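Q: Could you take me through the salt bridges in this one, and show me which parts of the chain they tie together?

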Amino acid sequence: MIPRYVVDFDLDKLPRVETDVIVIGAGIAGLYTALKASESKRVLMITKKSLFDSNTRYAQGGIAAVISDDDSPDFHMQDTLIAGAGLCDTSAVDVLVHEGPHGVQELIRFGTNFDAEDDGQFALTKEGAHSQRRILHANGDATGYEIVRALADRVKTDSRVELWDDHLVLDLLTDNGECVGAIVQKPDGSRVAVFGNATILCTGGTGQLYRYTTNPDVATGDGVAMAYRAGAVIRDMEFIQFHPTSLCYPGAPRFLISEAVRGEGAYLRNIRGERFMEKYHPQLELAPRDVVARAIVAEMEETKSTYVYIDITHEKPELIKHRFPTIHEYCLNYGLDMTTDWIPVAPAAHYMMGGVKTDLRGETNIRRLFACGEVSSTGVHGANRLASNSLSEAIVFGQRIVDRINELSPVRVQDLKISHHPYLLEDKIASLMGSLVERKLKLQKAMVRYVGLHRDREGLLKGLDELKHLLPIFETTLAKREEFEFANLLTCAILVTEAALSREESRGGHYREDYPERDDAHWRKHTILQRQIGIGEERIDHV
């Protein structure tokens, strides 16, 4: 059983800090929402490392928004719904495609420099499953870094934003169905109770569930796990997006080879040098990510290889170096030249489509608790995220969250009656036998083996059993950041596995070999998980 809290505490003995808005996490979601909230509120922004440690920083492709006269919100909506494989919330997608362009203008106002053509128009590109060129990018393939740079510069000079780097949020505090703050651990190990009128989770995804991932080491599912413990509804956790093309080369860490490389005309080839996507989808290399990822795995299995190649050598070297300077330079460090060499790639865990369920204003079922960015399940992505919609979603719903927060009355901290039944310290185990590194590796191996790109009932049950053998972590006294992260990863791993076991069909980022077909008659619905209630279903009423 996953407990309500992972730490024992006595609020009467903890130092207290009060603010208007608590933002947990960085990335585009945290930075943008903090800046917008600071226009009228005091903001406390808490990151467990720094402002530059997030998935956003590594986002290469860009941000999707309707900018061109040749494009339209209807086109963008249609592409998003097709990629989402029948599980998108059409209202949420409508919000995204109509409000995204304004969000882009706000990013520009905050100092983001997007790439432009010689005539001053935005240099738009096209990515997989997009029907139009609508992807804005910066410095070629360093869009995420440029956005983080611009927003972080503003946050650091904003007098209404207080920044706590290297602080770890352990648990959310709730009272009478409302979130009123959080327990935070400082760098020296001491703890403080933070109270606010609104708490916003911007903690990113769960990439570290898998041994091979494009995510940084901070992507340990903290927000989902904390929200789950607090009683929030968690939705569609079975839908994990594996990016088809991450660098797969001896001695090199997994490194994202952007979708935009295929958008600019790159081919996928198996180790025999054969293009193969025509066997799998009419859009070839620009098919939805789940299709491309499974096609690559099929080719790897058929050719008994651990990788395929991405080949853009037929394009001009000047274009490659200008458009993909970061990728080009990174590959050169390992003796690979994109202009002349085929680059070995394989799928890697990339993005979590599910997360903490929110309404169209970013609020969860727990009043005053909000979720923004990858940690959230707004309904935009459905069963499979359309490329470059993630950055758009963060700014659109970040603005909506701030609009909702401005309507909230202040929390009266003096009136709170937070109930907490701590474990008796003498009943806690000091620590578990075996290293934390070993236990994390066991978790990741179970997820790769049983809850990866291919799943079936027998494997999912084995995976769930292996994961449950790790649950004694919750019987120990946790103290270090790595211990809390492992507890959060384990929580998310169990949620993903249980949701995948429940959904007896294949759709989007979830593929069951024992149920290989999409089944709209029985499974056009969401899976929802809630602590002390279990797993359930949520019908989709919209068309």
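**Salt bridges up close**

A: Keep in mind that this is a predicted model. The count of salt bridges comes to 42, so let's walk through a few, given that a pair needs a Lys or Arg side-chain nitrogen within 4 Å of an Asp or Glu carboxyl oxygen.

Start with lysine 48 and aspartate 222, whose closest N and O atoms sit 2.6 Å apart. Lysine 48 is in the loop between strand 3 (43-46) and strand 4 (63-64), while aspartate 222 belongs to helix 5 (residues 222-230), so this pair ties together parts 174 residues apart in sequence. Lysine 48 counts as buried because its relative accessibility is 13%, under the 20% cut-off. Aspartate 222, with 7%, is buried too.

Next up, glutamate 264 meets arginine 323 in a salt bridge at 3.4 Å, N to O. This one also links distant parts of the chain: glutamate 264 lies in the loop between helix 6 (259-263) and strand 14 (267-269), and arginine 323 is in helix 8 (residues 317-323), 59 residues apart. Glutamate 264 is buried at 18% relative accessible area, and arginine 323 is buried at 6%.

Then there's glutamate 538 with lysine 357, at 2.4 Å from N to O. Glutamate 538 is in strand 21 (residues 534-539) and lysine 357 in strand 17 (residues 355-357), so parts 181 residues apart in sequence get tied together. Here glutamate 538 is buried, at 17%, whereas lysine 357 is partly exposed, at 26%.

Finally, salt bridges can join up into a network, as they do for Glu238, Arg503, Glu505, Arg507, Arg518 and Asp520.

Conventions. Residues are numbered from 1 along each chain as its sequence is written. This is a predicted model: local features need pLDDT of at least 70, side-chain atom pairs count only at pLDDT 80 or more; totals for chains, interfaces and linings use all residues. Side-chain values use heavy atoms; hydrogens and water are left out. Helices (H or I, at least four residues) and strands (E, at least two) are DSSP runs, numbered from the N terminus. Buried means under 20% relative accessible area, exposed over 50%, partly exposed in between (1.4 Å probe, protein chains only).
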